[in-house]
Amino acid sequence: MLTRRLFLAGGTAITALVLGDLRGSRPTSAQGRSVNLYSSRHYDTDEALFAGFARSSGMGTNLIEATANELIARIKSEGRNSPADLLITVDAGNLWMAEQEDLLVPVNSEILKSRIPEALRHPQGRWFGFSTRARVIFYNRDRVDPAQLSTYEDLATPKWRGKILMRSSSNIYNQSLVASLIAVHGTARTEEWLRGLVRNFARPPEGNDTAQIQDCAAGRGDITLANTYYYARLAKSENPADREVVEKVGIFFPNQDNRGTHVNISGAGVLRHAPNQQGAIAFLEHLTTPEAQGYFSSGNNEYPVVAGAPLDPVVAGFGDFKADLETGAVKFGQNQAEAIRLMDQVGWR
């Protein structure tokens, strides 16, 4: 279901079902038109980002929420009549799909180029990453000595036979991880790795990232891969059962002795037919401010991309780690089709 929220210059949010488009219904402010955001980030805490932009810019925002695929299809269908200024989504693979449909335009902003690391933005400025999420190894503390853990590559070795829990290959987080390995090792070696990984599955893939961590705690397998912010949510939960999961499951950052741990992005790009392109760029630049970076960190337990931005205390408690900023997020999209083909070929369902 598509939902719409209006964030006025005063910071007030109004929510309603979207029955039409946004043209003719934009709130206005002293400094001009609002910015229309199409977002697949379904986090209530993002409201603070929108309200902060309204306060600092005098421009309100309109928000349409749906999945990345739904939003991309909607923008294509709307064509030149689209009211959307910005596409906001998770995973570089989704941004790449929007780029391939020629929906995003280059943005030349010294603020964005100076604050966002090169590996976390499109080389021509078609999209920019504003937060990162690390895909790490989680392990059952009673069954695994962390000294046994090392790299993603090691997960395909026989010592993990029947011990790995994994979600479906249709999940774009897994697709991007495989795409990164293709960039590092090439197709043939990645296919070999995938065959070993699938042989090591403890059960057929099922569930989301949270379910993988919970199943690991329950002993349905010994190790799994998931994004760090799911673990942080469990740690912060008021449900004792969730906190018990965290007590039973440890976190490990792989590949610290070479390229670093795979990190993906949550990012955004300005749309080709944006009615308020300058407002859209201003919004992107706002997302690099200390205030906004703090919301990414504390609001959804993500890692900020701007150097010096504070970490959420729970996330900081996971420890420092080396992130893979050599591979480059743009390659996750470029190698996506090949990643999906290989995953299907080796029987990862």
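I'll start with helix α9: among the elements that cover its buried residues are α7 (209–217), α8 (228–236) and β11 (249–252). Before going on, note that this is a predicted model.

Which residues of α9 are the buried ones? The helix runs over residues 240–248, and the buried positions are D242, V245 and V246. Looking down the axis of α9, these buried residues stay within an arc of 95°, so they line one face of the helix. An α-helix has 3.6 residues a turn, so residues three or four places apart point the same way. The other side of α9 has P240 and E247, both exposed.

The crossing of α7 past α8 is right-handed. On the α7 side the residues involved are D209, T210, I213 and Q214, and they meet Y230, Y231 and L234 of α8.

Next, helix α3, residues 92–100. Its buried residues are A92, G93, N94, L95, W96 and A98. What do the buried residues of α3 pack against? The partners are α2, β7, α5 (172–185), β12 (263–270), α13 (330–334) and α14 (336–345). The N-terminal end of α3 is capped by D91, with a side-chain oxygen 2.6 Å from the backbone nitrogen of G93. Just after the helix, D102 has a positive phi of about 60°.

M97 also lies in α3. Is M97 buried or partly exposed? Its relative accessibility is 23%, and the cut-off for buried is under 20%, so M97 counts as partly exposed. Not counting residues up to four places away in sequence, M97 touches N69, I72, I172 and Q336. For a sense of distance, M97 and P205 are 108 residues apart in sequence, and their C-alpha atoms are 25 Å apart in space.

Now a loop residue. Where is D85? D85 sits in the loop between α2 (68–78) and β7 (86–90). D85 counts as buried because its relative accessibility is 0%. A polar atom of the D85 side chain lies 2.8 Å from the backbone nitrogen of N36. Leaving aside neighbours within four places in sequence, the contacts of D85 include S34, V35 and N36, then G269, V270 and L271, and also A274, P275, N276, Q277 and A280.

V270 takes us to the nonpolar cores. How many residues does the largest nonpolar core have? It has 47, and F130 and V270 are those with the most contacts inside it. Helix α10, residues 277–286, gives the most to this core, with four residues. There is a second, separate core of 28 residues, with L155, A156, V178 and L342 among them. As background, nonpolar side chains in soluble globular proteins tend to be buried together.

Last, the surroundings of F130. Apart from neighbours within four places in sequence, F130 is in contact with L112, I116, S266, G267, A268, L284, L287, T288, Q293, F296, P304 and V305.

To recap: α9 lines up its buried residues on one face, D85 is a buried loop residue, and F130 and V270 have the most contacts in the largest nonpolar core.

How values were computed
Residues numbered from 1 in each chain as written. Predicted model: local features only at pLDDT ≥ 70, side-chain atom pairs only at ≥ 80, totals over all residues. Heavy atoms only, no water. Core = buried A, V, L, I, M, F, W, Y, C linked by side-chain atoms within 4.5 Å. Buried < 20%, exposed > 50% of the residue type's maximum accessible area, 1.4 Å probe, protein only. Helix = DSSP H or I, 4+ residues; strand = E, 2+ residues; numbered from the N terminus. Contact = heavy atoms within 4.5 Å. Arc of directions from axis to C-beta. Left-handed = near helix turned anticlockwise from the far one by under 90°. Polar contact = N/O pair within 3.5 Å; in protein donor to acceptor, adjacent residues only side chain to side chain.
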